[in-house]
Structures are given as structure tokens and as C-alpha cells.
Amino acid sequence: MSTSTQAPLSCTSQSVMDPPRIPLNVTNRTNLLVPQPAIGLKPQQVNTTTSLPPKTRQAPKRMVAPDVIEGFKRAIEGSDLTKAGLIEVLKKQFPKQSKDAIKDTIGAVAERVGRREQDKKWVIKDQSTSTT
């Protein structure tokens, strides 16, 4: 037992608490990716584009070799396969061509038309630069 003479704390005494502190930075949780402005700068002086990744230039699309393009178009014309299925079939028919080149060539020379999935067929796009 302690011999000190301290007054016991009373649970019934009512004390007034200070109000909670105001946050230093108000954050908007819906937009956490936008950096907060630097201290001392006005919001319009802050450059927010520096934190974004730079835009990369798209590499030119690879196409199948010109000597096989006619056979490639004949294989595509009228097919009812999906693009992924068509890529696999064309890869077997043209093993020396890469899948990326096949995919890019399909997108450049043909399109899939039809109202429903069962009705869609591949057709060759009109080439306005080609001579007939």
C-alpha cells in the first residue's frame, strides 16, 4: 500500500474536453492519385503531369510478308471463327509468320461483320489504294 496522500480520481466529475484538431491536409479519398500541391505554391503553379508516365509511341504494326498476303486474304475470307481462333488456324497455315504479325494483318485487311455471333463472317476490307 502506498502512503502518499493523493486525492482519488472521481469518475463522477465532469470535465470538458478540447475539440478534436483540424486535419493538416484535407484529403479527397475519391482522387488519391492527384498529388497534393506543394507548400507555398498556388494550385495552378503545381505541375501534375510530371507524376504521370510518359506517353509511349506505338511501334509500327508488323504485317505478314508481301509474298503470302494473297493466300492470307483467301484464308481469312468467309471464315466464321473468332479472331483468336483465326489467328491459331493461320499460324498453322503460315508457320514462318509471327502471331503478332498475323493479328496486325487481320486487323488491317479484314473485318468481322454480322448481327449475331453465329452470323459473323470475316470479309476483306476495301483497299482504296490497290489497283484492280
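The structure is a predicted model, and its protein chain holds 3 helices and 2 strands.

**The chain as a whole**

- Read from the N terminus on, the elements of the protein chain follow the order α-α-α-β-β.
- The protein chain has 132 residues, and 14% of them count as buried.
- When contacts in the protein chain are taken between residues at least 6 apart in sequence, 47% of these contacts join residues at least 24 apart.

**Helix α2 against helix α3**

- Two packed helices are described by the angle between their axes and the distance between the axes.
- Helix α2, which covers residues 83–93, packs with helix α3, which covers residues 99–109, at an angle of about 125 degrees, and their axes lie 10 Å apart.
- The crossing in which α2 passes α3 is right-handed.
- On the α2 side the contact is made by K83, L86, I87, E88, L90 and K91, while α3 contributes K99, I102, K103, I106 and G107.
- Sorted by class, the contact of α2 with α3 has 5 nonpolar residues, 1 polar residue and 5 charged residues.

**Helix α1 against helix α3**

- The axes of α1 and α3 come within 11 Å and cross at roughly 75 degrees.
- Since angles of 65 to 115 degrees count as roughly perpendicular, α1 and α3 are roughly perpendicular to each other.
- In this pair, I69, F72, K73 and I76 of α1 meet I102, T105, I106 and V109 of α3.
- By class, the contact of α1 with α3 has 6 nonpolar residues, 1 polar residue and 1 charged residue.
- I102 and I106 of α3 take part in the contact with α2, and I102 and I106 also meet residues of α1.

**Serine 79 in the loop between α1 and α2**

- S79 is placed in the loop between α1, residues 69–76, and α2.
- S79 has a relative accessibility of 12% and therefore counts as buried, the cut-off for buried being under 20%.
- If its neighbours within four places in sequence are left aside, S79 is in contact with L86, K120, K121 and W122.
- L86, one of these partners of S79, is also among the α2 residues that make the contact with α3.

How values were computed: Residues numbered from 1 in each chain as written. Predicted model: local features only at pLDDT ≥ 70, side-chain atom pairs only at ≥ 80, totals over all residues. Heavy atoms only, no water. Axes fitted to C-alpha atoms, helices over the stretch in contact; angles between N-to-C directions. Helix = DSSP H or I, 4+ residues; strand = E, 2+ residues; numbered from the N terminus. Left-handed = near helix turned anticlockwise from the far one by under 90°. Contact = heavy atoms within 4.5 Å. Nonpolar A, V, L, I, M, F, W, Y, C, P; charged D, E, K, R; others polar. Buried < 20%, exposed > 50% of the residue type's maximum accessible area, 1.4 Å probe, protein only. Parallel < 35°, antiparallel > 145°, perpendicular 65-115°, else oblique.
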